[in-house]
Amino acid sequence: MTDTTTISGAPREHSPEFSLAKSALRGLREDLFRGVLAYRPLPRAGTDGPWARQFPDGTRKHLGLLPHAVVLVLAALTLFVGATSYGAIDEGPFALVAGLMASVPVALTLIRPVLAWWLSLLVAPVLVWATSDGLYPWSGGSLLGHTVVMMVVAARTRPRTAAWMWSLSTLYALLSAVLFGGIDGGIAVPMAVLSGLGVGIVALVQVNRATRREVVQERTVTAVERDKRTLLEERTNIARELHDVVAHHMSVVAIQAEAAPYRVENPPPELEQAFVTIRENAVAALTELRRVLGVVRAEDYEAPDAPQPTLADLDKLLENVRDAGLTATKTLTGAARELPPGVELSAYRIVQEALSNTLRHAPGSQAAVEVSYVLGGLGLRIVNGPCTGLVKPSPGAGHGITGMRERVSMLGGEMTAGETADGGYEVTVFIPVGAATTPEPEEQA
């Protein structure tokens with residue numbers, strides 16, 4: 001397929017090879033020509049890894065400068081090799097200049113990596129001409145220095161940049177070898193192989209680290225989204241249950257308001273009108289409640305026929321878990337009293353979820369449920385022992401704890417959950433409840 005050009009300003013179509021070459025040259029321009037003088041200091045290394053925790057705190061804070069120290073040590077080594085490659089040791093100033101020309105680009109990688117590579121490449125032919133070590137197209141100093149520069153820059157940039165650096169360095173070496181005396185007698189090929197291995201290993205390590213960081217980020221985002229979804233699902237369940245509770249009581253209010261006038265002989269018109277108003281407001285509130293909270297109902301959700309459970313149903317719940325193989329006991333402290341419907345329902349659901357978690361995660365253990373009626377509210381404590389059964393515990397995602405915390409938070413309470421000293425688990429909840437009022441006895445017709 002060849003390039004084609006249409007008339008009247010139509011776009012030109014190019015072959016895939018041309019597009020690939022164009023993309024590669026664009027990458028070369030972006031990686032090695034743009035921002036050559038850009039200031040890019042080498043960041044400090046992380047000190048929260050497992051290897052860093054083995055050092056004392058006073059030493060650990062300085063470990064972040066370890067990569068900088070390694071680069072400077074390599075620069076000093078390059079300085080020594082470059083100086084000794086000059087030939088006569090007694091020619092100190094000239095040997096020092098040769099060593100600096102090879103080592104300065106290594107140190108420059110700490111702040112300007114791309115400029116360091118260009119400088120190392122430019123001084124390579126100068127060092128070959130100035131030194132008398134018999135190596136070409138790389139002298140001893142540039143042989144070490146340029147390899148170190150490419151590896152350090154490869155560790156700080158993308159793999160594409162490392163590939164371009166190695167390719168251009170190899171191209172220079174092959175062309176220079178022909179000019180200096182032929183490829184067979186030089187070190188162009190060994191240098192290309194060794195530097196290619198070094199740069200390739202560094203690039204692979206960088207790709208592996210980048211991939212691991214992306215995986216960790218994706219897992220973190222997934223976990224956060226899963227927690228949000230679980231929280232929304234739990235709130236939806238709570239809204240459904242509270243909708244059923246409130247709707248039941250509002251229906252009772254409407255029915256009692258309608259029947260109240262018939263329970264009083266010859267009620268005054270004002271009383272009849274008051275009950276009519278109460279019933280109309282109850283029906284309107286019930287209609288509005290169904291309209292607003294109806295959006296949280298799933299299509300397959302069916303409202304329960306019986307009223308929502310309360311703390312009075314805990315004995316039946318304990319019987320069910322005993323039938324499932326869990327030894328459970330209940331302790332009641334304080335004077336039992338009727339609590340608001342939302343508190344009763346949430347308390348029952350918290351105990352139910354805690355016992356379900358015990359069945360899943362600690363089969364064969366024993367569970368104790370404590371219900372405390374105190375002056376300021378309601379206290380719950382559900383504790384179970386370690387797993388002692390033959391059945392393996394089921395893994396969980398923590399959704400049950402999330403649901404319990406959401407219920408407690410909705411009621412303005414406090415909750416703690418965690419492992420006990422003997423390997424069991426304990427859930428402690430306190431739900432504040434206002435002072436109870438004693439209902440007045442109903443008038444008999």
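Predicted model: local features only at pLDDT ≥ 70, side-chain atom pairs only at ≥ 80, totals over all residues.
In which helix does Leu 74 lie? Leu 74 is a residue of helix 3, which runs over residues 66-84.

## Overall make-up

The chain contains 12 helices and five strands. It has 445 residues, of which 33% count as buried. Among the contacts in the chain with a separation of 6 or more, 69% are accounted for by residues 24 or more positions apart.

With a relative accessibility of 29%, Leu 74 counts as partly exposed, because partly exposed covers the range between under 20% (buried) and over 50% (exposed). Once neighbours within four places in sequence are left aside, Leu 74 is in contact with Val 106 and Val 148. Val 148 is 74 residues away from Leu 74 in sequence, while their C-alpha atoms are 7.6 Å apart in space.

## Helix 1

Helix 1 comprises 18 residues, numbered 16-33. At 1.5 Å a residue, helix 1 should span 26 Å, and the distance of 25 Å between its end C-alpha atoms agrees with this. Four residues of helix 1 are buried, namely Gly 27, Leu 28, Asp 31 and Leu 32. These residues cover an arc of only 105° around the axis, so they lie on the same side of helix 1. After helix 1 comes Gly 35, which has a positive phi near 70°.

Phe 33 also belongs to helix 1. Its relative accessible area of 48% makes Phe 33 partly exposed. Leaving aside neighbours within four places in sequence, Phe 33 is in contact with Leu 28 and Trp 118.

## Helix 1 against helix 5

How do helix 1 and helix 5 lie relative to each other, roughly parallel or roughly perpendicular? Their axes come within 9 Å and cross at roughly 95°. Angles of 65 to 115 degrees count as roughly perpendicular, and helix 1 and helix 5 are therefore roughly perpendicular to each other. On the side of helix 1, the contact is made by Asp 31, Leu 32 and Phe 33; on the side of helix 5, it is made by Val 114, Trp 117 and Trp 118. By class, this contact of helix 1 with helix 5 has five nonpolar residues, one charged residue and no polar residues.

## Residues of helix 5

Helix 5 covers residues 113-130. Apart from neighbours within four places in sequence, Trp 118 is in contact with Leu 32, Phe 33 and Val 36.

Leu 115 is likewise found in helix 5. At 23% relative accessibility, Leu 115 counts as partly exposed. When neighbours within four places in sequence are left aside, the contacts of Leu 115 are Val 36, Leu 37 and Leu 108.

Not counting residues up to four places away in sequence, Ser 120 touches Pro 105, Gly 145, His 146 and Val 149.

| Residue pair | Separation in sequence | C-alpha distance |
|---|---|---|
| Leu 74 and Val 148 | 74 residues | 7.6 Å |
| Leu 115 and Leu 32 | 83 residues | 8.6 Å |
| Trp 118 and Met 165 | 47 residues | 9.2 Å |
| Phe 33 and Leu 115 | 82 residues | 9.4 Å |

## Helix 10 against helix 11

A further pair of helices is formed by helix 10 (residues 314-323) and helix 11 (residues 341-361). The axes of helix 10 and helix 11 come within 11 Å and cross at roughly 10°. Angles under 35 degrees count as roughly parallel, and helix 10 and helix 11 are therefore roughly parallel to each other.

Which residues of helix 10 and helix 11 meet? Helix 10 contributes Leu 314, Leu 317, Leu 318 and Val 321, and helix 11 contributes Tyr 348, Val 351, Gln 352, Leu 355 and Leu 359. The residues of this contact divide into eight nonpolar, one polar and no charged.

Conventions:
Residues numbered from 1 in each chain as written. Heavy atoms only, no water. Helix = DSSP H or I, 4+ residues; strand = E, 2+ residues; numbered from the N terminus. Expected span 1.5 Å × (residues − 1). Buried < 20%, exposed > 50% of the residue type's maximum accessible area, 1.4 Å probe, protein only. Arc of directions from axis to C-beta. Contact = heavy atoms within 4.5 Å. Axes fitted to C-alpha atoms, helices over the stretch in contact; angles between N-to-C directions. Parallel < 35°, antiparallel > 145°, perpendicular 65-115°, else oblique. Nonpolar A, V, L, I, M, F, W, Y, C, P; charged D, E, K, R; others polar.
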